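Please keep the sequence and the 3D view open while you read.

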Amino acid sequence: MTHVVTDNCRGCRYTDCVASCPVACFHVNEARVYIDPVTCIDCSACIPACPVHAIVEEFDLPDDQQYWIGINAEAAQRYPRLRSKLPALDGADERRRSLGY
Ligand code: SF4
Ligand code: SF4
C-alpha cells in the first residue's frame, strides 16, 4: 500500500504536502509532484495538506485511475526528491479554482 498523487496536482504544485511528510516521499518536476511508494509509510498526513485533493490512498483509487500507482512509482525514480516547500506555480490559484476548490 502507498499513497499516490493524481491529476489534480498538475499545474498547482503548492507543495504543502511536502512540508507535512515525515519521511520525504515527494519527488518533483516542472509541473507537479509524485510519491515514492518505497519510502511512503502510509501515514496520510499529506492528504489534508493538499488544497486540491490530489492525494489519495492507493486503496481508494477508482478502477479507472489505478494507472496512477505505476506513474508515481516510475516518476519517483526519475525526478529529484523534494524536502521542503516551494512557491506554487504561476497560475496555481486559477487551476485550483478550475478544479472547484
Ligand atoms: S499540495 Fe497537492 S497540489 Fe500541491 S504539490 Fe502537493 S499534491 Fe500537488
Ligand atoms: S502518506 Fe505520509 S509518508 Fe506517505 S507521502 Fe503522505 S505524508 Fe508522506
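1. Start at Cys17. Leaving out residues up to four places away in sequence, Cys17 touches Phe26, Val33, Cys46, Ala49, Cys50 and Ile55. Here, contact means that two C-beta atoms, placed from the backbone, lie within 7 Å.

2. A word on the source. This is a predicted model, in which local features need pLDDT of at least 70 and side-chain atom pairs count only at pLDDT 80 or more, while totals for chains, interfaces and linings use all residues. Residues are numbered from 1 along each chain as its sequence is written, and chains are lettered from A and ligands numbered from 1 in the order in which they are written.

3. Cys17 also belongs to the core. The largest nonpolar core has 21 residues, and Val5, Cys17, Phe26, Val33 and Ile35 touch the most other members. S1, H1 and strand S3 (33–35) each supply at least two residues of this core. S3 gives the most, with three residues. Such a core is a set of buried Ala, Val, Leu, Ile, Met, Phe, Trp, Tyr and Cys residues joined through C-beta atoms within 7 Å. A residue is buried if 20 or more other C-beta atoms lie within 10 Å of its own, exposed if 12 or fewer, and partly exposed in between; these C-beta atoms are placed from the backbone. In soluble globular proteins, nonpolar side chains tend to be buried together.

4. Now the whole chain. It has three helices and four strands. Their order along the sequence is β-α-β-β-β-α-α. The radius of gyration is 12 Å, close to the 13 Å that the globule rule gives for 101 residues, so the chain is as compact as a globular protein of that length. The radius is taken over C-alpha atoms, and the rule is 2.2 Å times the number of residues to the power 0.38. Helices (H or I, at least four residues) and strands (E, at least two) are DSSP runs, numbered from the N terminus. Buried residues make up 29% of the 101 residues.

5. Which residues come nearest to ligand 1? They are Cys9, Cys12, Tyr14, Cys17 and Cys50, out of 15 residues around it. Around ligand 2 there are 13 residues, and the closest are Cys21, Cys25, Cys40, Cys43 and Cys46. A residue is near a molecule if its C-beta atom, placed from the backbone, lies within 6 Å of it.

6. Compare two loop residues. Thr15 sits in the loop between strand S1 (3–5) and helix H1 (16–20). Thr15 counts as buried because it has 23 C-beta neighbours inside 10 Å. Beyond four places in sequence, Thr15 is in contact with Val33, Leu82, Lys85 and Leu86. Pro80 lies in the loop between helix H2 (67–78) and helix H3 (92–98). Pro80 counts as exposed, with 10 C-beta neighbours inside 10 Å. Apart from residues up to four places away, Pro80 touches His27 and Val28.

7. Check two backbone angles. Ala24, in the loop between H1 and strand S2 (26–28), has a positive phi near 55°. His53, in the loop between S3 and strand S4 (55–57), also has a positive phi near 55°. Most residues other than glycine have a negative phi. Ala24 is partly exposed, with 13 other C-beta atoms within 10 Å. His53 is partly exposed too, with 14.
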